[in-house]
Amino acid sequence: MATSTHTVTNQAPPLVGYDVFTTDRPLVEAVERHLAPEPPELLDEVREELALLGRTAGSDQARRWGEQANAYPPVLRTHDRYGNRIDEVEFHPAWHRLLGKAVGSGLTNAWGRPGGHVRRAAGFLVWSQVEAGNGCPVSMTHAAVPALRTDPALAAEWEPRLTSQVYEPGLWPAGHKPGALFGMGMTEKQGGSDVRTNTTRAVPLAVDGEYELTGHKWFCSAPMCDGFLVLAQAPGGLTCFLVPRVLDDGTRNVFAIQRLKDKLGNRSNASSEVEFDGTWARRVGDEGRGVRTIIGMVAATRLDCVLGSAALMRQALTQAVHHASYRSAFGGPLVDKPLMRNVLADLALESEAATVLGMRLAAAYDSDGEADRALLRLAVPAAKYWVAKRCTPMVAEALECLGGNGYVEESGMPRLLRESPLNSIWEGSGNVQALDVLRALQREPGALDAYLQEVGRARGADHRLDGAIKAMLTELADLETVEVRARRLVERMALVLQGALLVRWAPPEVADAFCASRLGGDWGSAFGTLPYGLDLAAVVERARVEA
């Protein structure tokens with residue numbers, strides 16, 4: 001009797017046709033918690049809005065968009081067929097569909113809406129699970145608003161364009177478009193994060209506030225945006241400027257794209273090197289105050305690094321639990337094997353802690369309270385450091401849960417892994433974040449007070465958390481020689497904050513497992529080394545998704 005060698009059995013079905021938002025219990029709980037003070041009808045509206053985005057994000061169509069945008073990366077066209085300089089980047093249609101859905105879902109429109117940052121952060125976390133590259137222009141457009149508000153006239157002109165929920169690609173005057181996107185150009189090849197070494201020059205023109213720029217930018221992401229915030233040396237020092245791609249009269253501004261970066265991941269998004277040569281720009285803020293002006297944008301994009309990493313973690317976890325739920329080995333489903341359950345539970349803890357922390361910081365942006373504002377100054381760089389740093393090993397472990405299936409491109413896991421280091425680098429690498437935390441500790445005592453007030457709300461609820469707070473305070477008592485141990489201190493501060501939030505808001509089994517493993521000293525170096533006696537089945541079940 002003939003036997004088929006091609007019958008497929010014991011393979012997990014594709015994880016499509018599910019609601020990425022509604023099935024994410026920690027995220028749903030965070031949205032409900034932080035919007036609770038708002039009118040009930042607002043919460044209903046946000047739930048419906050996010051569920052709609054979640055169903056799109058979990059669809060097979062969106063999955064294909066993400067695959068196509070990365071399989072067919074952007075192409076630079078420096079000249080047209082006649083030799084005219086055009087400096088355009090062409091994208092696959094899937095990129096425009098991804099970006100159009102993001103803009104249309106309000107992911108560039110947080111400022112001024114009730115609960116705007118919470119609902120926008122949740123949407124960003126959901127949509128970034130489809131494809132991370134389109135999050136770059138979305139993030140920069142959203143984050144440009146606080147910098148532009150330094151100049152009320154510029155804000156009045158540009159903010160309605162940036163918060164519009166209409167995506168319109170193409171290069172023409174921003175004032176003639178229903179919506180606009182923003183990018184950023186800070187770093188140069190000789191300095192990187194040390195922006196005070198920038199050499200791009202800004203020469204004042206006859207009209208007050210107008211300048212011509214000459215110089216370069218080593219990293220300028222999303223060069224097809226309508227405007228960019230850049231740093232350049234004006235007569236009064238390092239200054240922030242707005243550079244439009246197209247001038248009001250319809251002529252192209254001088255914005256010579258030298259090449260696109262050939263990157264490890266984030267391949268759907270164009271990152272470029274650009275040259276300015278008599279490029280027209282408008283000053284944003286006072287001369288010599290460039291870093292202070294643009295820091296509001298940097299803080300907002302750093303929070304998006306936390307949210308973007310949390311999204312990658314969540315998607316990697318979801319894929320791992322889904323695979324283990326359907327795949328059988330050694331007599332039963334993988335998810336029921338004690339050691340695999342330990343791994344999955346550990347991954348779930350990391351994912352939930354990242355989500356709860358990111359959403360708490362988004363809620364602080366919605367708050368008018370002075371303590372919340374002070375908390376952001378310290379907690380954003382600490383969270384950015386730790387969550388982004390944990391993303392890569394977590395995604396790699398989730399990939400391993402799929403075995404050889406996870407190592408092939410069709411699974412989608414290699415793309416998640418390639419994306420995972422990005423947020424540790426973008427908007428300042430680990431050392432930059434750690435030094436920024438030290439700067440806040442030394443110069444802004446109100447930030448530490450706000451942080452201690454936040455973690456103090458959970459004191460007395462778990463002895464391991466109390467012990468971790470005490471140990472952290474001992475480290476904080478010596479700031480004279482702290483730089484060499486800055487990473488360890490910032491890691492401890494991030495873990496304590498995550499633990500405090502989980503103790504207050506997560507189910508007991510989640511908080512218990514987190515405190516036992518991350519704060520209690522009984523934790524191995526690898527994922528899947530949670531101590532015996534925890535309710536791992538409940539932790540894993542919380543992360544399960546049914547398509």
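1. A residue is called buried when its relative accessible area is under 20%, exposed when over 50%, and partly exposed in between (1.4 Å probe, protein chains only). The model is predicted, so local features need pLDDT of at least 70 and side-chain atom pairs count only at pLDDT 80 or more, while totals for chains, interfaces and linings use all residues. Residues are numbered from 1 along each chain as its sequence is written, and side-chain values use heavy atoms, with hydrogens and water left out.

2. Helix H18 covers residues 536-543; helices (H or I, at least four residues) are DSSP runs, numbered from the N terminus. Its buried residues are Leu536, Val539, Val540, Arg542 and Ala543. Viewed down the axis of H18, these buried residues fall within an arc of 155°, so they line one face of the helix; the arc is that of the directions from the helix axis to the C-beta atoms.

3. Contact here means heavy atoms within 4.5 Å.

4. The structure holds zero disulfides, a disulfide being a pair of cysteine sulfur atoms within 2.5 Å. For Cys220, the nearest cysteine sulfur is that of Cys225, 8.0 Å away. Cys220 is buried, at a relative accessible area of 2%. The sulfur of Cys401 lies 15 Å from the closest cysteine sulfur, in Cys391, which is too far for a bond; Cys401 is buried too, at 6% relative accessibility.

5. Asn70 belongs to helix H3 (residues 60-71) and is buried, with a relative accessible area of 14%. Leaving aside residues up to four places away in sequence, Asn70 touches Glu131, Arg267, Ser268, Arg415 and Glu419.

Methods:
Helices (H or I, at least four residues) and strands (E, at least two) are DSSP runs, numbered from the N terminus.
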